[in-house]
Amino acid sequence: MAGIRVKNGPNQGQSRAIGERPVSIGRDEGCDFPLQDKGASRRHAEVFRIGDMYFIRDLESKNGTFVNDTRIGEEMLRDGDRIQIGGTVFVFEPKYGENGETDLKFFEDDLEGYNALRLEDLTSVNVGLGDAYSEQHLRAIYRLYRLAAGEDSEDGLVKKTLGFAAESLRANGAYLFGKNQRDGSIVSLGSHVPEGARSGQISRTIIRRVLQDKRALLITDAMHDDRFSSNESVMRHHIHTVICAPVATGDGIECVLYLAGDDASISFNEQELELTAAMADQIGLSLANISSRILRREHLFSAVSLILKVADVNRPGLHAVNTRLAGYARSIGLAMRFEAELLERLQFAAMLHNYSDMVAPGGTSPGEARVGLTVELLAREKFLPQILGIIENQEERFDGSGPKGLRGEEIPLAARVFHVALGLENELGGKAGLPGRLAGALAALSGHLSRRYDRNVLKAAQEAEKSGTLSLPLDEQWRQRRSSRLRALLNAD
């Protein structure tokens, strides 16, 4: 089920699922999603569903409805689309409420009805290297490390690691909570509730205690202990056992890993407190590593963009053409599910495929000569050597009629993607790739399918066009790549 969530504005943090009936939005209290926003009309807009697609329609509002900064009358919504109504910004989430996250119920408690144990208190229960617990936990940490090492996005890491934590400790639910940097509120950054389990009550008190003390904590109630069985809060909230551990990311983000054992058959112990603390440390290190890699790519992207802008002084229009070409290539690579590293190589190859024209004092070189000189210059300067394999094969043809005679899959896949991107740019004649034009250009490329282009790559380009990513400018693709639910919710952008 899809839904909308308020990212910024007076109603920040509120959300609503989109079912079979349209959801009206506006200042009127009778709206399905009433806003405390003076910039919104009484009945401003509505979000509705047709089959598997979701749309937003402006209801002749005074100030208009905007999707990704463009004023609309009616627009289809896609994952991550930003909807602005007055001063309120929504985010469209096609997988709203996945794993029961939106059903979380928080409560405040004084913890007096619980036995609390900090990680620092475990001096007498540490296990030896030969202990079965140690071996089991060492294997679990290694598996978590391998799992995290293969992930390149913060949101993807959170999803994978929470699933692993819930499985490893047989928890009813694994959650990542953080503190919003602007108002100090507790926000959910991800959750995993195993199939058949229920997402139970969540104690804000425990979360805040761990955020404040920065210490892992094991909380157990005593439902069957006469000393605690009459405690009202324990009975009311059905909390049996909780482990909560701080997640240190090293960049100011404050998070906790929260494991809930709401089932009476689950009872976390001291060894599992140690394991959870180690998992939280690994998650923090992995989040910091992903953040570092993203920052490195941003710096490299800025450097290559600067090269294009400088070259644009002598070759007017070069910056626009090459960034547009890189946008086409990147969106096709995304449709083909390229990993981040290959996407990066493809994008930079497209931006620098005619590098010799940028630095040569004379005019534009013929195609084959330009390719050779570009490869030579980039190799000499040792600048992005990993993109040379794409650039040096940019003149090849799928039927083997290129200068090297490479045929079909002998041509590197990234170079075949570049061929389609370059064909699109040529077919459009230097005009911006608006959705209608892109569809026509792809149809035209299909006529050269057997000679020039890989059928699977062209199919991916068509999928990218239908999803709307092919028309996204390169800067917007990078903005989406940088954004994550974790940073958006914590206001850490």
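1. **β17, β18 and β19.** Strand β17 (residues 217-220) pairs with β18 through four bridges, in the antiparallel sense. Within that pairing, L218 faces I243 of β18. On to the next pairing: β18 and strand β19 (residues 254-261) are joined by eight bridges and also run antiparallel. Here P246 stands opposite V256 in β19. Strand β18 covers residues 241-248 and is mostly covered, with six of its eight residues buried. As a general point, side chains in a regular strand alternate between the two faces of the sheet. Keep in mind throughout that this is a predicted model.

2. **The chain as a whole.** The protein chain has 15 helices and 19 strands. It has 493 residues, and 49% of them are buried. Consider contacts with a separation of 6 or more: 61% of these join residues 24 or more positions apart.

3. **The six-stranded sheet.** This sheet is open, and its strand order is β2-β1-β11-β10-β7-β8. The pairing is antiparallel. At the edges are β2 (15-18) and β8 (70-72), each of which pairs on one side only. Direction ignored, neighbouring strands are turned by 30° against each other on average. At the β8 end, strand β7 (residues 65-67) is linked to β8 by three bridges, and the two run antiparallel. V67 is placed opposite T70 in β8.

4. **The five-stranded sheet.** This one is open too, with the order β4-β3-β5-β6-β9. Its pairing is mixed. Which strands stand at the edges? They are β4 (33-34) and β9 (74-76). Each has a single partner strand, so one side of each is left without a neighbour in the sheet. Further in, strand β5 (residues 45-50) and strand β6 (residues 53-58) are paired by six bridges in the antiparallel sense. R49 has Y54 of β6 as its bridge partner.

5. **Helix α11 against helix α13.** Two packed helices are described by the angle between their axes and the distance between the axes. For α11 (residues 413-428) and α13 (residues 455-467), the axes come within 9 Å and cross at roughly 55°. The two helices are therefore oblique to each other. The crossing of α11 past α13 is right-handed. On the α11 side, the contact uses L413, R416, V417 and V420. These meet V457, L458 and A461 of α13. By class, the contact has six nonpolar residues, one charged residue and no polar ones.

6. **Helix α3 and the residue after it.** Helix α3 spans residues 204-213, and its buried residues are T205, I206, I207, V210 and L211. K214 follows the helix. The phi of K214 is positive, near 55°.

7. **S356 in helix α8.** S356 sits in α8, a helix of residues 355-359. Is S356 buried or exposed? Its relative accessibility is 1%, and the cut-off for buried is under 20%, so S356 counts as buried. Leaving aside residues up to four places away in sequence, S356 touches R370, L373, T374 and L377.

8. **Two arginines with positive phi.** Most residues other than glycine have a negative phi. R170 has a positive phi, near 55°, and is not a glycine. This residue lies in the loop between α2 (154-168) and β14 (173-179). R337 is likewise not a glycine, and its phi is positive at about 60°. Where is R337 found? It is in the loop between α6 (318-335) and α7 (340-352). R337 has a relative accessible area of 71% and is exposed.

9. **Points to check on screen.** For strand pairing, start with L218 opposite I243, then P246 opposite V256. For helix packing, view α11 and α13 where their axes cross at roughly 55°.

Methods
Residues are numbered from 1 along each chain as its sequence is written. This is a predicted model: local features need pLDDT of at least 70, side-chain atom pairs count only at pLDDT 80 or more; totals for chains, interfaces and linings use all residues. Side-chain values use heavy atoms; hydrogens and water are left out. Axes are lines fitted to C-alpha atoms, for helices over the stretch in contact, and angles run from 0 to 180 degrees between N-to-C directions. Angles under 35 degrees count as roughly parallel, over 145 as roughly antiparallel, 65 to 115 as roughly perpendicular and the rest as oblique. A crossing is left-handed if the near helix is turned anticlockwise from the far one by less than a right angle, and right-handed if clockwise. Contact means heavy atoms within 4.5 Å. Ala, Val, Leu, Ile, Met, Phe, Trp, Tyr, Cys and Pro count as nonpolar, Asp, Glu, Lys and Arg as charged, and the others, Gly among them, as polar. Two strands pair if DSSP finds at least two bridges between them. Buried means under 20% relative accessible area, exposed over 50%, partly exposed in between (1.4 Å probe, protein chains only).
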